[in-house]
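Please keep the sequence and the model in view while reading.

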Amino acid sequence: VTGSPVDPQSVKGFLSSEEGAALTDLARACAPLGPVVEIGSYVGRSTLYLAAGAREAGGVVIAVDHHRGSEEHQPGEAWHDPELVDPETGRVNTLPAFLETLERAGARDVVQPVVARSPDAARAFAGEAGLVFIDGGHALRTALADWRAWGPKVAPAGVLAIHDVFPDARDGGRPPHEIWLRAKASGLFDPVGGAGSLMWLRRVG
Ligand SMILES: C[S@@+](CC[C@H](N)C(=O)[O-])C[C@H]1O[C@@H](n2cnc3c(N)ncnc32)[C@H](O)[C@@H]1O
């Protein structure tokens with residue numbers, strides 16, 4: 001990633017380099033329309049890709065995560081990582097590792113972390129976003145709440161990007177695909193692109 005001393009692929013996370021490059025391009029193109037908003041930062045891999053594009057356009061990234069991990073990150077679940085457990089509380093806490101990623105990458109000036117549940121952060125966000133990237137909880141209830149809270153916040157001509165959209169159920173869980181379908185059917189968005197399991201739609205004017 002241009003200008004970053006940290007290769008985002010060296011950061012724990014779930015995004016391919018192809019998907020990351022697409023996020024950088026989207027952030028660069030959309031940042032002039034309003035802030036880039038990320039739902040689900042985890043340890044910061046996708047955040048660094050977004051920050052690179054936003055920086056080039058003179059914009060900012062608002063990185064929303066409660067940092068408690070999603071359902072699949074909890075102890076005993078498929079994507080649990082014991083290194084991300086706070087030894088004092090025994091709970092998942094990705095905030096220290098996330099802040100360390102930003103510090104190492106020199107991205108603190110571009111990225112504004114918001115430690116909150118996504119719908120609460122949306123209520124506190126008054127303006128319009130140039131790009132909203134949804135990669136939060138993958139339970140249906142959580143994904144629907146992200147779409148309902150953030151879909152209307154995308155600026156005209158801005159972009160809504162969703163990660164882990166698998167049209168074929170055999171490839172992965174359905175909720176991100178479900179909210180992509182809802183965005184497409186809403187009349188507010190046109191599907192315009194994809195890279196790997198990242199799919200994006202443009203807000204109609
Ligand atoms: C799949 S991970 C994000 C991965 C990251 N985008 C990357 O590229 O590596 C999902 C993240 O969403 C966060 N999350 C889940 N539900 C959330 C919610 N309702 N509000 C805020 N954050 C949430 C979790 O804490 C977790 O860090």
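In this predicted model, the protein exposes about 9200 Å², of which carbon and sulfur atoms supply 53%. Of its 205 residues, 49% count as buried.

**Overall build**
- The protein contains six helices and seven strands, and, read from the N terminus, these elements follow the order α-β-α-β-α-β-α-β-α-β-α-β-β.
- Because the radius of gyration of 16 Å is close to the 17 Å that the globule rule gives for 205 residues, the protein is as compact as a globular protein of that length.
- Taken along the principal axes, the C-alpha atoms fill a box of roughly 50 × 35 × 30 Å.
- Among contacts between residues at least 6 apart in sequence, 72% join residues at least 24 apart.

- Ala161 has its place in strand E5, which covers residues 154-162.
- Ala161 counts as buried because its relative accessibility is 0%, and buried means under 20%.
- Once neighbours within four places in sequence are left aside, Ala161 is in contact with Leu26, Leu131, Val132, Phe133, Ile134, Leu198, Met199 and Trp200.
- One of these contact partners, Leu26, is 135 residues away from Ala161 in sequence, although the two C-alpha atoms are 8.8 Å apart in space.

Methods:
Residues are numbered from 1 along each chain as its sequence is written. This is a predicted model: local features need pLDDT of at least 70, side-chain atom pairs count only at pLDDT 80 or more; totals for chains, interfaces and linings use all residues. Side-chain values use heavy atoms; hydrogens and water are left out. Helices (H or I, at least four residues) and strands (E, at least two) are DSSP runs, numbered from the N terminus. Buried means under 20% relative accessible area, exposed over 50%, partly exposed in between (1.4 Å probe, protein chains only). Contact means heavy atoms within 4.5 Å. The radius of gyration is taken over C-alpha atoms; the globule rule is 2.2 Å times the number of residues to the power 0.38. Accessible areas come from the Shrake-Rupley method with a 1.4 Å probe; for residues, only the protein chains shown count as cover.
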